[in-house]
Amino acid sequence: LPACRDSKLFTKDLHFDEVPVRIYLPRTAPARQRRGVLFFHGGCGLFGSIRTYERACQYIARKSDSVVVSVGYRLSPEHKYPGQTLDCLTATVHFLKAAESYGVDPARIIVCGDSVGGTFAASVCQELANRRDIPKIRAQVLIYPFLQALNFNLPSYQKNAFTVFLSRERTVHFILKYLSKDCSMKEAILAGSHVPESLKYKKWINPDLIPDTFKLDYKPPLPTSFLPQVHEETKEMFETRLSPLLAEDAVVCCLPDTCVITCEHDVLRDDALLYKKRLEDNNVRVTWHHMQEGFH
């Protein structure tokens, strides 16, 4: 899309500790310090940019009268995982420390992202959950986030397996590309052969935890053989930076207020439903918006 400057906003391109950012500041004089929004764009960690999401960030800044920081994290495969998450973390810490110089109340800063941007937002909140040297993140907004790389046979993956743009097969393909892995492992991962039987996290990634209304026509997958060599090659999939749903309760209970947005026609729908339940089980306040006709 061509560049589109908004007359109601000041726009600045800066670097937060070498991470490129674009800041959108409302031109009107505030009655008090404004809220701040750190926005992490989607694109599987492979695509997207500050420019791609310019209109969305302008809209958020204008409508919420907030200072929005759009983070231009480095993309894979040129920059290896977990460089993307680390860039988002670096930009967040910088902004939390410097908020007042941008007219922002440090106690009213949220992180927000869509798709893998939601992954980064969730990961940043987890990594900062117990930090005492910087202001606390006020809330996280997770827009159809990707949150786990263990089970690609959840009801939403079955229902939307062939949905345009983000199909079940393409999801795993993009994950392997993002991690710079051999895509020949795709079928094994789709089947779940990379997950050991003994893995305790199955108690959190379980179709039984999803409300019945979202499981119409769901068929439990057939058992598959565990492939140790595939597991060994894909260990990053079990890290909370890629699969925030796997965080321990001691971390989850410290997370900020959360807004979760899901779409019915989206393979990632159930990731967010499972995370919503984990947050609620750990007494985190959650607001949930489900777009019945929405898609990824």
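Here is a short walk through the sheet, the annotated domain and the pockets of this predicted model.

Colour its 8 strands and you'll see an open sheet in the order 1-2-4-3-5-6-7-8, with mixed pairing. Now pick residues 9-16 (strand 1) and 286-295 (strand 8): these are the edge strands, each with a single partner strand, so one side of each has no neighbour in the sheet. On average, neighbouring strands are turned by 20 degrees against each other, direction ignored.

Next, zoom in on strand 2 (residues 19-26) and strand 4 (residues 66-71), an antiparallel pair joined by 4 bridges. Click Tyr-24 and look across to Val-68, its bridge partner in strand 4.

Then select residues 83-98. That's helix 2, which packs on the sheet and touches strands 1, 2, 3, 4 and 5. Its direction makes about 170 degrees with that of strand 3 (34-40).

For the annotation, select 37-181 and 238-296, which an unreviewed UniProt entry lists as "domain: Alpha/beta hydrolase fold-3". The 37-181 stretch is 39% helix and 18% strand, while 238-296 is 29% helix and 32% strand.

Last stop: pockets. What lines the largest pocket? Its lining has 21 residues, with Asn-151, Ala-191, Glu-197, Lys-202 and Pro-221 nearest the centre. The space inside is about 500 Å³, and the lining divides into 14 nonpolar, 5 polar and 2 charged residues.

The second largest pocket has a volume of about 180 Å³. Show Gly-42, Gly-43, Tyr-53, Asp-114 and Phe-165, the closest to its centre among 13 lining residues.

Technical notes: Residues are numbered from 1 along each chain as its sequence is written. This is a predicted model: local features need pLDDT of at least 70, side-chain atom pairs count only at pLDDT 80 or more; totals for chains, interfaces and linings use all residues. Side-chain values use heavy atoms; hydrogens and water are left out. UniProt positions are given in the numbering used here, feature names are shortened, and annotations may be inferred rather than shown by experiment. Helices (H or I, at least four residues) and strands (E, at least two) are DSSP runs, numbered from the N terminus. On a 1 Å grid over the protein atoms alone, a cavity is a set of points where a 1.4 Å probe fits but cannot get out, and a pocket is an open set with protein on both sides within 12 Å along at least five of seven lines; lining residues have an atom within 4 Å of a point. Grid points are joined across faces, edges and corners, and a volume is the space filled by probe spheres set on the points. Ala, Val, Leu, Ile, Met, Phe, Trp, Tyr, Cys and Pro count as nonpolar, Asp, Glu, Lys and Arg as charged, and the others, Gly among them, as polar. Two strands pair if DSSP finds at least two bridges between them. Axes are lines fitted to C-alpha atoms, for helices over the stretch in contact, and angles run from 0 to 180 degrees between N-to-C directions. Contact means heavy atoms within 4.5 Å.
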